[in-house]
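Dear colleague,

My findings follow after it.

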Amino acid sequence: MIPNDLSQTAATAAACLGALLVFMGLGLAYALRRRLLSIVDTLWGLGFVVVATVAAIVSLGGSGGTVQRWIVLVMVAVWGLRLAWHVGGRNHGTGEDPRYADLLEQGEQKGRSFTRTAVTRVFVPQGVAMFIVSAPLIVGPNNERMSLPLTVAGVLVWAVGLFFEAVGDAQLKAYKRDPAHRGTIMDTGLWSLTRHPNYFGDACVWWGLGLVGAGSWPGLVALIGPAVMTYSLVNVTGAKLNEKSQRRKPGWDDYARRTSYFVPRKPRPPAAER
């Protein structure tokens with residue numbers, strides 16, 4: 001006989017997958033209509049809010065802890081809505097993101113249509129990634145055992161992550177607003193502790209969610225989400241991709257030598273002071 005929490009988790013996962021398919025399908029339709037792929041960046045944060053909401057509702061009939069269910073939903077909603085607001089405001093009126101413009105150009109060279117590139121290179125990969133990363137949102141609300149120490153630790157790690165991500169984004173936005181900083185490297189504030197405070201914060205947010213969801217041995221499945229997210233942020237779509245363009249800016253080599261790649265630490269002194 002399948003334990004109740006596992007069967008309920010499977011039902012929740014199926015419902016969340018269905019919701020994601022509808023959500024990403026609507027997003028794809030909008031992107032095709034506007035001929036704008038960068039809308040998917042705004043959908044990223046909102047998609048997790050959709051998953052967390054569906055998971056909380058579907059799991060109401062299960063044996064998972066009520067407190068844990070709503071803690072996960074609130075954590076995701078605060079993070080996801082802030083991120084969507086930030087990214088949507090940043091991208092509004094700026095046209096296609098250079099990353100997606102490159103994908104479209106590569107697709108045209110290989111005879112791919114806009115629709116085919118949008119589906120195979122953007123929306124399907126993003127949707128699959130969102131479902132995998134959502135593991136703590138699906139597992140957490142159905143976990144029969146709530147570990148108070150893990151929940152407290154998870155909320156604290158999440159709060160640290162939200163601070164780094166939100167403050168890092170705000171600092172960078174203010175820095176870029178000054179025309180005198182155009183083409184220069186920001187090396188103040190949180191950006192003096194790590195070259196990617198927003199990505200580090202994002203990773204912490206998801207490890208916090210993973211800890212909240214991992215209240216029992218079956219709940220350890222929740223850690224798949226933050227592990228995948230962190231790997232992507234460090235090695236694939238996050239920090240590594242971002243630095244490809246940053247390396248062309250003057251002073252980058254010295255900044256990279258002084259400043260931690262990902263995990264914050266005290267910066268090394270400039271070369272002239274060594």
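Which helices each supply at least two residues of the nonpolar patch? They are α5, which spans residues 114-133, and α9. Please note that the model is a predicted one.

The patch lies on the surface and is formed by Val124, Val128, Ile132, Val221, Ile224 and Val228. Together these residues have about 450 Å² of accessible area. Helix α5 gives the largest share, with 3 residues; Val128 is located in this helix.

Helix α9, residues 224-235, also packs with helix α8, residues 197-213. Their axes are 9 Å apart and form an angle of about 170°. Angles over 145 degrees count as roughly antiparallel, and α8 and α9 are therefore roughly antiparallel to each other.

On the α8 side, the contact is made by Tyr199, Asp202, Ala203, Trp206, Trp207 and Gly210. On the α9 side, Pro226, Ala227, Met229, Thr230 and Leu233 take part.

In brief, α9 contributes at least two residues to the nonpolar patch and packs with α8.

With kind regards

Definitions and conventions. Residues numbered from 1 in each chain as written. Predicted model: local features only at pLDDT ≥ 70, side-chain atom pairs only at ≥ 80, totals over all residues. Heavy atoms only, no water. Axes fitted to C-alpha atoms, helices over the stretch in contact; angles between N-to-C directions. Helix = DSSP H or I, 4+ residues; strand = E, 2+ residues; numbered from the N terminus. Parallel < 35°, antiparallel > 145°, perpendicular 65-115°, else oblique. Contact = heavy atoms within 4.5 Å. Patch = residues over 30% accessible without salt bridge, like charges linked within 9 Å, V, L, I, M, F, W, Y side chains within 5 Å. Areas by Shrake-Rupley, 256 points an atom, 1.4 Å probe, with all protein chains shown as cover. Salt bridge = Lys/Arg side-chain N within 4 Å of Asp/Glu carboxyl O.
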